[in-house]
Amino acid sequence: MREWEKNLRQVTPYVAGEQPKDLNKIKLNTNENPYPPTKNMEGLLNNQSEMLRLYPDTQATELVEELARFYDLTTDQIFVGVGSDDVLAMSFLTFFNSEKPILFPDITYSFYDVWANLYRIPYERPALDENFHIKKEDYYKVNGGIVIANPNAPTSISEDLSVIEDIIAKNQDAIVIIDEAYVDFGGQSALPLLKKYDNLVVVQTFSKSRSMAGMRIGYAMANPELITALKNVKESYNSYTMNYPSIVCGAQAVRDKDYFYETLDKVIATREHVKRELRGLGFQMPDSKTNFLFITHEKLSAKELFEALREEHIYVRHFNKPRISNYLRVSIGTDEEMNIFLRAVMEYMKEKGILN
Ligand code: PMP
């Protein structure tokens, strides 16, 4: 072994869902929104290339002010970053500096353990119950912080706000991060609890409900002291995380509330339709409050169905992990895409002799 090899940081990276180059594929594997972002941002950057000569505003003021208006917060309660992955990674670095283990469920967003390992943060993973719900009592023990995705991924389950509040209330000596990447599709946000608890950090994203995964915008909302701590860490790392196009386009997306709610309604209506159709075919799934479904069928191998769909150029997500290896996570696309998906599933079931 060469001497310097001993000094390399050993990490096992997060594996993102596949991004096929060919746009003819039906892509239901990374929970993107099938609808475009608000048209109000089209043309916004025309004639503004001059702005790219300059460094962007380190505070992303225009975007932060728009978010503050939308959520009825003050600007010092908001921190923005390059997708919620960036905001979460920065939050782990800022808030989880204890020798005690941080806690997050055994089945959840698979980036949490990657960041914990990267930053050498000890962690424990209490098991979700047999219906994939959080057992809140598991979080009533000594810890160095807590992170919970609500709604959770990949299970799609939204916990009652009372469960989340109990966990925050019982852990006032630690920071509790609630990752609300999917909350706009029907979950209950912990945002109202910010008035009551100073140990709460709520993280959201533009990638799902605002159709802007390609722009990379995420944000944390918390009391000003925690936001200052986040900014101090970020500015000790990279002052200019948010680029100019993200700041102006992000602000414009927040301004167009009508389009935001209209798009949400469409995704939710399609989700409910697909839920009914799949249940009619014998699939089981939690009652999703997200823009994806977490499905299983007792007569089918999830992995084989995943591969069969892929042959048909339909991409969904399969996780080869304990407890969930016979499930598929299927993002909600347009009605047309979901009908093609449903037809392919039915064809496959016929081939297997499960459907006439
Ligand atoms: N949290 C959860 C639970 C997610 O599923 C995702 C999407 N992969 C993210 C955070 C990160 O999303 P983004 O960085 O695009 O905001």
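In what follows, Ala, Val, Leu, Ile, Met, Phe, Trp, Tyr, Cys and Pro count as nonpolar, Asp, Glu, Lys and Arg as charged, and the others, Gly among them, as polar. The model is a predicted one: local features need pLDDT of at least 70, side-chain atom pairs count only at pLDDT 80 or more, and totals for chains, interfaces and linings use all residues. Residues are numbered from 1 along each chain as its sequence is written, and side-chain values use heavy atoms, with hydrogens and water left out.

The shell around the ligand divides into 4 nonpolar, 4 polar and 4 charged residues. Its members are Gly83, Ser84, Asp85, Leu88, Tyr109, Asp179, Ala181, Tyr182, Thr205, Ser207, Lys208 and Arg216, where a residue is near a molecule if one of its heavy atoms lies within 4 Å of it. Helix H2 (residues 83-95) supplies the largest share of this shell, 4 residues; helices (H or I, at least four residues) and strands (E, at least two) are DSSP runs, numbered from the N terminus.

In aspartate 179, a side-chain N or O atom is 2.6 Å from a nitrogen atom of the ligand. An oxygen atom of the ligand is 2.6 Å from a side-chain N or O atom of threonine 205, and a polar side-chain atom of serine 207 lies 2.6 Å from an oxygen atom of the ligand. Of the 400 Å² of accessible area that the ligand has on its own, the protein covers 92% (Shrake-Rupley method, 1.4 Å probe).

Attention now turns to the aromatic rings. The whole structure contains 22 aromatic pairs, that is, rings of Phe, Tyr and Trp (its six-membered ring) with centres within 6.5 Å; planes under 30 degrees apart count as stacked, over 60 as edge-to-face and the rest as tilted. Tyrosine 14 and phenylalanine 111 form a stacked pair, 4.3 Å centre to centre with 10 degrees between the planes. This pair links distant parts of the chain, 97 residues apart.

Most residues other than glycine have a negative phi, and most peptide bonds are trans. A cis peptide bond, however, joins asparagine 150 and proline 151, with omega about -5 degrees. Proline 151 lies in the loop between strand S5 (146-149) and helix H4 (161-169).

How values were computed. A polar contact is a pair of N or O atoms within 3.5 Å; within protein, one must be able to donate a hydrogen and the other to accept it, and residues adjacent in sequence count only if both atoms are side-chain atoms.
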